[in-house]
Amino acid sequence: MDHPLQGQDQTLLQQGHSGFAADWSSDQRAFKKVSWGKAMMWILLLSDTFIFACFLVAYLTARSSTNAEWPNASEVFALHIGGRDLPLILIAIMTFVLISSSGTMAMAVNCAYRKARKATAALMFATAALGACFVGMQAFEWSKLISEGVRPWGNPWGAEQFGASFFMITGFHGTHVTIGVIFLIIVALKVWRGEFDRDQRSWMSAGNGDYEAVEIMGLYWHFVDLVWVFIFAFFYLW
Amino acid sequence: MTDILPEHDSNLPPREVADVMPPHAHSWIGKYVFSQDAKYIAIQYSGTAAAIGLVALVLSWLMRLQLGFPGLFDFITPEAYYQFVTMHGMIMVIYLLTAIFLGGFGNYLIPLMVGARDMVFPFVNMLSYWIYLLAVLVLVASFFVPGGPTGAGWTLSPPQAVLSGTPGGAQSGIILMLVSLILFIIGFTMGGLNYAVTVLQARTRGMTMMRLPLTVWGIFTATVMALLAFPALFVACVMMLFDRLLGTSFFMPTLVELGEKLSYGGGSPIAFQHLFWFFGHPEVYIVALPAFGIVSDLIAVHARKNVFGYRMMVWAIVIIGALSFIVWAHHMYVSGMHPWFGFFFATTTLIIAIPTAIKVYNWILTLWKGDIHLTLPMLFALGFIVTFVNGGLTGLFLGNVVVDVPLSDTMFVVAHFHMVMGVAPIMVIFGAIYHWYPKITGRMLNEAMGQIHFWVTFIGAYAVFFPMHYVGLVGVPRRYFEIGEPAFLTAPVDGLNAFISSAALIVGAVQVLFLFNIFWSLRHGLAAGGNPWRATSLEWQTPETPPRHGNWGDDLPNVYRWAYDYSVPGAPKDYVAQNDPWVPDSGGRRL
């Protein structure tokens, strides 16, 4: 099936490696199907990947160089429900919620290709709601740990770098989710009002009547989701 | 492709992106203050960078006064000296060199050279400048807070950077420094996304990547590197800020200060150094690659010859950029990291010498049998080659672990990096300003003042840094407020230090003449016309000089050739502009 955004391209595209070389050595655009906004988002995410990678590597370094014992994540992040401790239950729910939000985002992008205005907006609002839910659960997790005595400079169970890394990394990721939720709502409102259907340039719209801002938003959202998988693996499961 | 064979108009592919004129600003504030025109943003960036660079210049004078004439100036305390060293280094590397090459030349030249009307996101581009300005103001503010700016050295190595023994460590100096760096990185990222996307996605018809002037290749590669290297500095700054403000111990081991055990414990100071130098070494090339690119263009234009080995030059830039990410720990041979790392990092470091040497040979071969005009840009380009080769050779000493260990933290290192990433890129900045000033203002810079500026700067820089190698070899450590006459020095250096300081004062003073020239020539310079150097690249082919907002009038230029068609046999002029559809075989017949 043809990609609906392909229609704006008059250039004939070659496939495979030869197409890759031909694009790079051709004029005007190195990535033929990619708009300016989308290229910017990809490069921004590449840069952001390095930030998260540095955070995670710094955390692993701190964990391996401290001489105090590292707290056991499955005990620290357990919830006491129904008379017994369920390890990592909250994180499991949070992860499920965030990954589900990636699903609704993907559906929103799909609807955006078909310019289904109302469905796109509704799915984006659903994504924003799931994202807000994630941040809310993170706030709950933070306050629970704080009430148990976890601080950036120390905690009851062992290496003080535990609390420091936890607040720093989850805080930085949570900030990303929060920013994402805000922009999801903005873009969803613009979709709902039909601003992307008009042939008029405006903020976040090139005025060519497509829903590309939704797709760019989706790139960001999937990235935030993917980063969480790494944080989950390196911080909670290990 | 680098072919000089022309293509017919009909062979140019259709326009892929609609030619949209960026909206013109109508108010005075929109035009001159919150301007979204990349050319104006470039001037704002350069002006701010030059202003803060002057502060760094004065700081270097104060340092040299102390080193050359110790005890004579009692307002220079040891604390103040450390603050001068730190701020001089940080300002020069980040707030002057990075900002002026990418924010200044990048903004001015990229849209003009690739044939675009402006950067792709003018609003974000404008924000980039204002956040940069905020970063500079926060940096300047640290001079006025209690305790003064940080004196931790420009590498800000923990744990000392956040302890009370270091100036600004227990007060707000270090905090403002870190906040300023974080702001700079945010601001740069906004600009950097613009530069990268404009080069990749907003070129005009016919402008393939392999027809870009090397200036654009240098700035583009440096931008991509900066987008990947600054994250490490960002993370290091955030973590150190937490160590200082929240009492975390990311980089802080267990410490005893003034007989009292601090609350820190278990952190790794070396982790900071790894993060810092993962940024810090690419940073050297973030400054050097735009200089490489610009100097290639200056040499080609002023020697009336095509760049030798264009394709190789491009690949050398890209390979240097990639390799520079795996050499960072050569700054850390004496940090206490595992000695095996030294073997790996020394090897990669020396491999970088290969693409770098290719570039130097190609510059020489471009000059070979060229019609060399000793104009001011050419003089500075030649000055660059000499100082860069000189600094690069001492880099071979320092890249080897066994040679570096005794030389580390001596004045030899100071001489090395000033030669290779201080004097050399600044030579290029001067050359570039003399070269593009006519395009920016429509007037030439005054030649006589320029000649004085070049010769005093070039000879003076040698007078400063050449003897400094010797000072380091006899054993003078860097960053010492005063060393007296310790037994380990193999020769006295007092006289030499006084000589270096005098030379530094003269070199600094002549920069004032340069600044005067810039303002004087605005009004009194000779009228330049649109293309005084008879250059081929697109920025010289604009309908107006200085170019108006939107750069190209009604029609975007079409590009038919690379940027280096100088002295082509059979051509009507000794240069063929990139947008000139002239065909050699047709006897100069225009299409």
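Predicted model: local features only at pLDDT ≥ 70, side-chain atom pairs only at ≥ 80, totals over all residues.

Visitor: How many residues of domain 1 of chain B are in contact with domain 2 of chain B?
Guide: Start with where the domains are: chain B is divided into domain 1, residues 38-212, and domain 2, residues 529-591. Taken over C-alpha atoms, their centres are 36 Å apart. On the domain 2 side of chain B 15 residues take part, and on the domain 1 side the number is 12.

Visitor: Which helix gives the largest share of the side of domain 1 of chain B that touches domain 2 of chain B?
Guide: That side of domain 1 of chain B divides into five nonpolar, three polar and four charged residues. The largest share of the side is four residues, and they come from residues 78-114 of chain B, helix H3.

Visitor: Now for the two chains together. Which helix supplies the largest share of the side of chain B that touches chain A?
Guide: Here 41 residues of chain B are in contact with 35 residues of chain A. Helices H5 (173-201), H6 (214-245) and H7 (269-302) of chain B each supply at least two residues of chain B's side. The largest share is eight residues, from H6(B).

Visitor: How many charged residues does the side of chain B that touches chain A have?
Guide: Go through the classes one at a time. That side of chain B has 26 nonpolar and 12 polar residues, and the charged ones number three.

Visitor: Are H6(B) and H7(B) roughly parallel or roughly antiparallel to each other?
Guide: Two packed helices are described by the angle between their axes and the distance between the axes. For H6(B) and H7(B), the axes come within 8 Å and cross at roughly 165 degrees. Angles over 145 degrees count as roughly antiparallel, so H6(B) and H7(B) are roughly antiparallel.

Visitor: How many nonpolar residues are in the contact of H6(B) with H7(B)?
Guide: H6(B) passes H7(B) in a left-handed crossing. The contact of H6(B) with H7(B) has two charged residues and five polar ones, while the nonpolar count is 25.

Visitor: How much of residues 213-237 of chain A is helix?
Guide: In an unreviewed entry, UniProt lists "transmembrane region" for several stretches of chain A, among them 88-109 and 213-237. Residues 88-109 of chain A are 95% helix, with end C-alpha atoms 32 Å apart. For residues 213-237 of chain A the end C-alpha atoms are 35 Å apart, and the helix content is 96%.

Visitor: Are H6(A) and H7(A) roughly parallel or roughly antiparallel to each other?
Guide: H6(A) covers residues 161-192 and H7(A) covers residues 212-236, and their axes are 10 Å apart. They pack at an angle of about 160 degrees. Over 145 degrees counts as roughly antiparallel, so H6(A) and H7(A) are roughly antiparallel.

Visitor: How many charged residues are in the contact of H6(A) with H7(A)?
Guide: Residues making this contact include A:Phe183 and A:Leu184 of H6(A), and A:Trp221 and A:Val224 of H7(A). By class, the contact of H6(A) with H7(A) has 16 nonpolar residues and four polar ones, and of charged residues there are none.

Terms used. Residues numbered from 1 in each chain as written. Chains lettered and ligands numbered in written order. Domains from an automatic or database assignment. Contact = placed C-beta atoms within 7 Å. Nonpolar A, V, L, I, M, F, W, Y, C, P; charged D, E, K, R; others polar. Axes fitted to C-alpha atoms, helices over the stretch in contact; angles between N-to-C directions. Parallel < 35°, antiparallel > 145°, perpendicular 65-115°, else oblique. UniProt positions renumbered as here; feature names shortened; annotations may be inferred. Left-handed = near helix turned anticlockwise from the far one by under 90°.
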